[in-house]
Amino acid sequence: MRWGVAVWLAASLAVTGCYRKPAPVPENVATIAAIPEPEPAPTATRVPLDYAALDQKDPDRVLQFYASAIANADWLGAARVWGEGSGVDGPALERRYGHVDSPTLQYGRGEVEGAAGSLYYEVPATLTGASGAVLGKGKVTLRRVNNVTGATPSQLRWHFAAGTPII
């Protein structure tokens, strides 16, 4: 029985010895606040594409559509701004800019000018990547047929004119 009492006494002392009242923190010592959980990395925000812009008579709205499509890496959407027979399609734009991180199209203002049944809108434009590297720079020209009888719907829409650099 002595053996059992000795084990009980040792166990009791071990358990009570584990608990200690924490020492008070001196007033002049700063305490360390809990470290907050890291915030998740931001995800790329996709700008909704305004497909209605393609059928409007506002060339700036078409350029904004193109800029949003490029930023979203929506190559097929961006290709819709190029005219029929331009040779520019979604795969061509993806080959050109698919490797670029966060492509951004910046463009200026222009004025609509008319000539022989067509309207033209020429503006300076620059395409850059996330690093700020210039990927393309020049003047882009949008064109549309000016309500000519027999014009197709695609001719009546603003689109990049032939000879416009791929930017």
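Colleague: How many bridges join strand S2 to S3?

Modeller: This is a predicted model, in which local features need pLDDT of at least 70, side-chain atom pairs count only at pLDDT 80 or more, and totals for chains, interfaces and linings use all residues. Residues are numbered from 1 along each chain as its sequence is written. Strands (E, at least two residues) are DSSP runs numbered from the N terminus, as are helices (H or I, at least four), and two strands pair if DSSP finds at least two bridges between them. Strand S2, residues 112–115, runs antiparallel to S3, and the bridges joining them number four.

Colleague: Which residue in S3 is the bridge partner of Val 112?

Modeller: S2 and S3 form a hairpin with two residues between the strands, where Ala 116 takes a positive phi near 45°. In S3, Val 112 has as its bridge partner Tyr 121.

Colleague: How many bridges join S3 to strand S4?

Modeller: S3 and S4 also form a hairpin, with five residues between them, and Gly 132 in the turn has a positive phi of about 90°. Ser 118 has Val 145 as its bridge partner in S4. Strand S4, residues 134–145, runs antiparallel to S3, and the bridges joining them number eleven.

Colleague: How many of the eleven residues of strand S3 are buried?

Modeller: Buried means under 20% relative accessible area, exposed over 50%, and partly exposed in between (1.4 Å probe, protein chains only). Strand S3 spans residues 118–128. It is largely enclosed by the rest of the structure, because the buried residues among its eleven number eight.

Definitions and conventions: Heavy atoms only, no water.
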